[in-house]
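User: Please examine the model shown below and answer several questions on its helix packing, aromatic pairs and confidence.
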Amino acid sequence: MNDTEVRDLLARVADEVPATPVDPEPLLRRGYRRMARTAVAGAVGIACAIVLIVGGVGLIRSSAPTTIPADEGQPTEPPVTVTGETAGTWTGPCLDSQDGPPPWVCLGPLEEGTYTSQRFEPALTFTVPTGWNNPWDTRGVFDLWTPGWSDGYEDPDDPLIYVGGNQPGGLHVVRAPRPGDGCVDATVGTSAIELATWVANHPAIVAGAPSPVEVGGLTGYQLDVSLADTWRESCPDGPKAVWLFGDIYLRDPNKYPEHATKRLILLDLRDGGSVLIAIDGTQVDAAMPIVDSFVFDLG
Amino acid sequence: MEHDRTGVVSAVDREAGLRSRLADAYVRSAPGGIRLAYLLTGDRAVAEDLVQEAFVRFVGRLRFLRDPDAFEPYLRRTIVNLSKNHFRRRAVERAYLERVGPTTENVSTDPDVATYDSLRSALLRLPLRQRAALVLRYFEDLPDTTIAELLRCRPATVRSLVARGLEALRTTPEVIS
């Protein structure tokens, strides 16, 4: 079934709904009534809040001592300014489905230099050449897209170079990676060696033995992986593929060569848990110098 | 005083104009919205309810009232969200799909009709997120980044949802045969 057939199917199903005239007037009246109710409820809520605050303040004042002892009531430490959330933040290109409230935090397009993530834990300092892009920075995931990124998926004229997970190109850093996407193997542990061993022994994957590695102050294991020719399944469903960690998966090399190989680096955190660095196979040469510059803030 | 009277009349005119623009926006967008909601829910009555609810919510939000042109993208987003809520709230998606499946199978001996019925049934059996990704990409012709915003996931996830949805349709027995 190709794209045209899918479009035809959807159009045909949609055509089952006959075009009938719609009358907006009753809905407009409902909408205005709802708006009025919302306004009244809001006003009542604000009034109640004011009453409670005024009453509470009065109660506190009536029970407070009239003099302040010399060793009390002194100013506390000045508030800590969290500069990481705002300094250098460029929200324009951030993918806005990140977790947390807007404005979304990311560094955006990067000039050559050294930068530090703003939300990823542990904080990650790295050095990049010009042209890389950081559109995603959350506590759990940090992405770096390779230069020339474009979103033209499945377009043969597109350079297909953007990072993270199943997206080709660049770097994808994940805290606490868990195997699978709907098919988690509960018997797999959370340490780097346990996860690396699970990957290496996965029947869908061709991989060498995990080799010890040290990145940014953390130790772990590195392995290059590809989808086995003998693999015909997908987990949990879909085309021939294997989901490794969340969005990170390998696909049929005959159809999607850009998704067919990955370099995985699994690192142990000192307080438990692990961090995964995933690099698309086609971007290893470009990405490894950046990985070599990684420094995790281990406090 | 005359100035005040002019101001009152002007406000009334503006209000009437706004209502007219809202009504126009609804008349223009509702049929497409109902088709979208139908593709997501497979139920015409539910689809109409969702679109009406989306419009009522739109009217009920002061900040949108000044820009009726924002209705169409708002409608699309709200339909997707309400579709999810519909299935989640009633916890009947699975039961519903089981119910839909038998009624749409073997309804015709015409091979074309049978294939269509089978595909339609397969489409409605897809998990909602997969179905939504297919509909938004192939029916609404939206880019993956926009679909990702609507489904609150990453573009990569949209692609995997589409791929999995397509694969499920391709493995429909009538398509294979």
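Analyst: A contact here means heavy atoms within 4.5 Å. The model is predicted.

User: How are α1(A) and α7(B) oriented to each other?
Analyst: The axes of helix α1 (residues 3-14) of chain A and helix α7 (residues 128-139) of chain B come within 9 Å and cross at roughly 100°. Angles of 65 to 115 degrees count as roughly perpendicular. The orientation of α1(A) and α7(B) is therefore roughly perpendicular.

User: What is the angle between the planes of B:Tyr26 and B:Phe55?
Analyst: B:Tyr26 lies in helix α1 (residues 2-41) of chain B and B:Phe55 in helix α2 (residues 44-59) of chain B, 29 residues apart. Both B:Tyr26 and B:Phe55 are buried. Their aromatic pair is tilted, with 4.4 Å centre to centre and an angle between the planes of 35°.

User: Which element of chain B has the lowest mean pLDDT?
Analyst: Chain B averages a pLDDT of 72. Over residues 90-108 of chain B the pLDDT is below 50. Where pLDDT is low, the predicted coordinates should not be read in detail. Among the elements of chain B, α7(B) has the highest mean pLDDT (88), and the lowest (44) belongs to helix α5 (residues 93-104) of chain B.

How values were computed: Residues numbered from 1 in each chain as written. Chains lettered and ligands numbered in written order. Predicted model: local features only at pLDDT ≥ 70, side-chain atom pairs only at ≥ 80, totals over all residues. Heavy atoms only, no water. Phe/Tyr/Trp six-rings, centres within 6.5 Å; stacked < 30°, edge-to-face > 60°. Helix = DSSP H or I, 4+ residues; strand = E, 2+ residues; numbered from the N terminus. Buried < 20%, exposed > 50% of the residue type's maximum accessible area, 1.4 Å probe, protein only. Axes fitted to C-alpha atoms, helices over the stretch in contact; angles between N-to-C directions. Parallel < 35°, antiparallel > 145°, perpendicular 65-115°, else oblique. pLDDT = per-residue confidence, 0-100.
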